[in-house]
Amino acid sequence: MKRLLALAALLLCQPLGIARDIATPVKHVVALDIGHTPAHPGAISASGIPEYEFNKAVVEKINSALSATSNVEPYIVTSSDTLTLRGRTRLAAAHRAELFIAIHHDSVQDKYLHSWEVDGQPQQYADEFSGYGVFFSRKNTESEASLEFARLLGDQMAARGFHFSRHHAEPIRGENREIVDDEAGVYRFDNLIVLRTAQMPAVLLECGVIVNRVEEKLLLTSERQQKIADAVAAAVKQFFSTPGRLIHSPAAATTPVASVIGPKLTPMPSVTTTRPRSLLQRVFSKRQTGISATPSPVPPRATKSASPSDDEAEEP
Ligand SMILES: [Zn+2]
């Protein structure tokens with residue numbers, strides 16, 4: 001009798017279990033970080049538009065593109081409190097994000113900027129620079145997976161006709177970033193705070209150079225923003241289709257969302273670099289020879305900063 005009851009219980013429970021599995025497929029949470037804030041909007045474009053506005057527009061497009069993907073749940077990193085850079089990655093972990101993507105738009109060093117006027121207002125531009133760049137950090141706890149996703153994203157950008165901007169590899173103070181994949185357009189920047197403190201694979205995408213007067217106009221179009229969003233969505237799909245890809249954020253299960261802004265994070269252990277030095281010197285000298293190094297007579301603006309900039313990074 002006991003056996004019969006057990007069998008009946010098993011038969012009754014089995015279909016319910018299957019139904020539950022079908023009803024709730026596993027969704028990978030992807031954190032989308034809008035670079036900067038309205039109060040501190042990052043770089044200023046050639047026509048005077050804050051970088052934050054460009055970042056927000058692209059994140060909204062990525063959010064829609066990922067929402068249409070059956071196994072991905074996008075989460076836009078946001079809070080009613082003032083978000084610190086560490087607070088952003090804590091929020092992502094608290095929302096069980098398995099991937100962190102920071103969206104930015106690029107600028108250049110002050111010495112390359114020229115002055116002009118837009119609607120009677122003084123602005124600055126540098127038309128010699130254009131293109132995208134993807135950054136990852138060796139200090140991220142999932143640095144290999146970060147690099148893997150960075151390459152997927154860079155490949156998707158390149159496949160859509162975008163070109164890699166190598167200007168962050170220039171061997172000068174404030175740049176000097178190692179190029180780890182010249183074809184995909186991937187830089188290593190270990191101390192970028194969001195990449196270093198994220199407890200899941202993380203990349204930062206510079207979508208394009210907004211101080212370039214031609215590229216800025218393109219980046220303002222819905223078509224260009226959608227193309228970038230499609231590249232991100234395709235890379236995300238590839239990333240999670242890797243067999244065995246299931247990353248659990250260690251903080252996700254234990255960190256309440258409400259408590260993620262306050263306490264300090266434990267410093268991340270440093271990840272040893274095994275990859276040989278990059279093509280930095282060779283590539284930069286080959287590709288950047290056409291760029292004028294003549295210093296601009298224009299004094300730097302207080303609101304201006306190359307991106308990703310030193311205020312987003314931290315020395316160990
Ligand atoms: Zn930025």
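Buried here means 20 or more other C-beta atoms within 10 Å of a residue's own, with C-beta atoms placed from the backbone. Residues are numbered from 1 along each chain as its sequence is written. Keep in mind that this is a predicted model: local features need pLDDT of at least 70, side-chain atom pairs count only at pLDDT 80 or more, and totals for chains, interfaces and linings use all residues.

From first C-alpha to last, α4 reaches 24 Å, close to the 24 Å expected at 1.5 Å a residue (1.5 Å times one less than the number of residues). G161 follows α4, and its phi is positive, near 90°.

Now look at how α4 (residues 143–159) packs on α7 (residues 222–240): the angle is about 140° and the axes are 8 Å apart. On the α4 side, the contact (C-beta atoms within 7 Å) is made by F149, L152, L153, Q156 and M157, and on the α7 side by A231, V232, A234, A235, Q238 and F239.

Over to strand β5 (residues 121–125), where you'll find Q123. Q123 is buried, with 21 other C-beta atoms within 10 Å. Leaving aside neighbours within four places in sequence, Q123 is in contact with A46, S47, G48, W116, E117 and V118. Take G48: it sits 75 residues from Q123 in sequence, yet the two are 6.2 Å apart in space, C-alpha to C-alpha.

Key:
Axes are lines fitted to C-alpha atoms, for helices over the stretch in contact, and angles run from 0 to 180 degrees between N-to-C directions. Helices (H or I, at least four residues) and strands (E, at least two) are DSSP runs, numbered from the N terminus. Two residues are in contact if their C-beta atoms, placed from the backbone, lie within 7 Å. A residue is buried if 20 or more other C-beta atoms lie within 10 Å of its own, exposed if 12 or fewer, and partly exposed in between; C-beta atoms are placed from the backbone.
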